[in-house]
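This briefing goes through one structure by topic. Please have the sequence and the coordinates open while reading.

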Protein chains: 2
Amino acid sequence: MKKKKKVNAAILIIGNEILSGRTQDKNVAFISNWLNLNCGITVLEVRIIPDVEKIIIKNIQDLSKKFDYVFSTGGIGPTHDDITAKSIAKAFKVKYGFHKEAYKILENYYGKNKFNDGRKKMAKMPLISKLIYNPSSAAPGFITKNVLSLPGVPSILNSMIENCKKYLIRGSKVHSKTINLFTVESNISKQLGLIQNKYKKFVDIGSYPFFRLGKIGVSVVSRSTSKTKLKNVHKELIKAVNLKGIKILKI
Amino acid sequence: MKKKKKVNAAILIIGNEILSGRTQDKNVAFISNWLNLNCGITVLEVRIIPDVEKIIIKNIQDLSKKFDYVFSTGGIGPTHDDITAKSIAKAFKVKYGFHKEAYKILENYYGKNKFNDGRKKMAKMPLISKLIYNPSSAAPGFITKNVLSLPGVPSILNSMIENCKKYLIRGSKVHSKTINLFTVESNISKQLGLIQNKYKKFVDIGSYPFFRLGKIGVSVVSRSTSKTKLKNVHKELIKAVNLKGIKILKI
């Protein structure tokens with residue numbers, strides 16, 4: 001794996017059940033955290049779209065041009081609404097059919113007698129794809145050019161994510177430091193703005209309100225690829241907060 | 001409110017904290033469910049993007065053209081990283097400044113002595129916007145053309161959502177019926193495909209694996225604006241499942 005300065009990715013969640021609000025998505029936070037911590041890759045955009053072929057094709061084409069990697073989730077199972085693999089083949093205008101290695105894996109897993117048409121469908125994908133092995137339920141994910149396709153079920157996706165690593169170029173990890181305060185954002189917005197402006201090229205400062213024990217609080221999160229710059233910002237933030245007489249929470 | 005056949009919307013989540021995986025998004029499922037149940041509006045796309053002006057502008061322009069409504073969340077607070085209001089004004093090329101009504105609401109809420117610059121910032125928005133009142137923390141959301149801007153904190157957003165209703169045209173509610181089975185998808189994929197194909201113009205059938213009590217199951221969800229068509233599909237699904245000897249779970 002080569003080391004590169006900034007590597008980015010998009011996540012494409014494919015599934016009517018997430019869009020309709022029936023199912024709470026958990027894959028965005030998981031993939032984004034994993035990519036940053038393990039590969040130094042920053043997720044810059046997420047899209048959630050329905051299981052509609054022409055919409056999947058358009059989004060795969062757009063996102064694969066715009067970002068270093070695209071992680072798609074959902075739509076690679078055995079049912080009629082699983083159309084991700086075919087749509088990706090169409091998006092890249094490459095051949096779609098039974099992938100020999102995937103076919104073998106699934107035939108071994110189910111046994112010849114139980115290897116029905118639905119299960120065989122999971123071996124159909126772009127023929128140029130390489131496999132992302134699945135220790136949970138055999139049916140592999142796959143990488144097609146810079147698009148990595150994973151299943152939608154979080155427990156299965158989570159079990160496969162380490163097998164994506166070998167296909168990814170690593171970037172610089174984004175480090176972060178958080179200060180939690182019992183105050184309202186508008187009490188410290190001026191100070192945060194001044195410090196952010198001073199370090200705007202190196203550090204991103206975000207402020208996020210929370211409620212705890214019936215009180216309003218703010219998490220101030222600084223993020224940077226440079227540990228030194230991050231330390232300096234952290235010091236200045238603490239100084240500014242102390243000057244305002246605001247207590248810093250331990251957790 | 002006029003009644004229209006199909007009304008759609010997109011959700012634009014603005015915030016580095018969601019993209020980075022630090023914070024688990026809860027607004028997509030909430031807004032999407034609320035829109036369908038209360039307004040008959042279907043969410044067709046979600047995007048999650050960072051707090052970067054040019055990216056917000058581009059997405060507001062794209063989504064507001066493509067969909068009947070856009071719901072943006074996040075970036076309307078008092079700190080330097082709250083740039084949604086200004087970006088929306090730029091996206092629509094309309095004037096940005098102190099909104100008289102919003103200014104009054106906030107001045108009353110904080111009192112003249114405590115109405116500092118950070119708090120005043122929350123009264124700045126496109127001047128053509130109409131307000132979405134906020135019973136939790138006063139700072140209003142706003143609608144600019146077809147874009148409704150709400151805060152990112154779920155509890156505050158949830159308390160404001162009813163105040164969006166008066167700005168929305170209602171569509172037809174999408175009804176759904178679910179059958180839960182202890183089986184694997186590939187056992188019933190053929191049957192689901194046949195029924196989906198027969199009703200493809202009227203009903204969407206989705207199948208979603210789950211784990212319960214250590215067993216693998218499938219939720220088969222049918223969705224339609226027609227209750228009659230939905231009933232027919234439901235009957236056919238039950239018949240097909242019974243023929244395969246699969247037991248239907250009560251919940």
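Between which helix and which strand of chain A is the place of Lys93(A)? Lys93(A) sits in the loop between helix H4 (84-92) and strand E4 (96-98) of chain A.

The model is predicted: local features need pLDDT of at least 70, side-chain atom pairs count only at pLDDT 80 or more, and totals for chains, interfaces and linings use all residues. Residues are numbered from 1 along each chain as its sequence is written, while chains are lettered from A and ligands numbered from 1 in the order in which they are written.

**Chain A overall**

- Chain A has 9 helices and 11 strands; helices (H or I, at least four residues) and strands (E, at least two) are DSSP runs, numbered from the N terminus.
- Along the principal axes, the C-alpha atoms of chain A fill a box of roughly 75 × 40 × 30 Å.
- Chain A is divided into domain 1 (7-167) and domain 2 (175-243), with bounds that come from an automatic or database domain assignment.
- The centres of these two domains of chain A, taken over C-alpha atoms, are separated by 37 Å.
- Of the 251 residues of chain A, 47% count as buried. A residue is buried if 20 or more other C-beta atoms lie within 10 Å of its own, exposed if 12 or fewer, and partly exposed in between, with C-beta atoms placed from the backbone.
- Two residues are in contact if their C-beta atoms, placed from the backbone, lie within 7 Å. Among contacts in chain A between residues at least 6 apart in sequence, 70% join residues at least 24 apart.

**Strand E1 and its partners**

- In E1(A), 6 of the 8 residues are buried, so the strand is mostly covered.
- E1(A) pairs with E2(A) in the parallel sense over 8 bridges; two strands pair if DSSP finds at least two bridges between them.
- In that pairing, Ala10(A) stands opposite Glu45(A) in E2(A).
- E1(A) also runs parallel to E3(A), joined to it by 5 bridges, and here Ile11(A) stands opposite Phe71(A) in E3(A).

**Helix H2**

- H2 of chain A (residues 27-39) has 13 residues and reaches 17 Å from its first C-alpha to its last, close to the 18 Å expected at 1.5 Å a residue. The expected span is 1.5 Å times one less than the number of residues.
- The buried residues of H2(A) are Asn27(A), Val28(A), Ile31(A), Ser32(A), Trp34(A), Leu35(A) and Asn36(A).
- Within chain A, these buried residues pack against strands E1 (7-14), E2 (41-49) and E3 (69-73) and helix H7 (154-160). In chain B, they pack against helix H1 (16-19) and strand E2 (41-49).

**Contact between the chains**

- Chain A gives 47 residues to the contact and chain B gives 47 residues.
- On the side of chain A that touches chain B, helix H1 (16-19), H2, E2, helix H6 (117-121), helix H8 (185-198) and strand E10 (204-212) each supply at least two residues.
- The residues on that side of chain A divide into 16 nonpolar, 20 polar and 11 charged. Ala, Val, Leu, Ile, Met, Phe, Trp, Tyr, Cys and Pro count as nonpolar, Asp, Glu, Lys and Arg as charged, and the others, Gly among them, as polar.
- E2(A) and E2(B) pair in the antiparallel sense over 3 bridges, and Arg47(A) stands opposite Arg47(B) in E2(B).

- The same surface serves both copies: 100% of the contact residues of chain A recur in chain B.

**Individual residues**

- Lys93(A) is not a glycine, yet has a positive phi of about 50 degrees. Lys93(A) is exposed, with 8 other C-beta atoms within 10 Å.
- Leu213(A), in the loop between E10 and strand E11 (215-224) of chain A, also has a positive phi of about 50 degrees although it is not a glycine. Leu213(A) counts as exposed because it has 6 C-beta neighbours inside 10 Å.
- Ile156(B) lies in helix H7 (residues 154-160) of chain B and counts as partly exposed, with 19 C-beta neighbours inside 10 Å.
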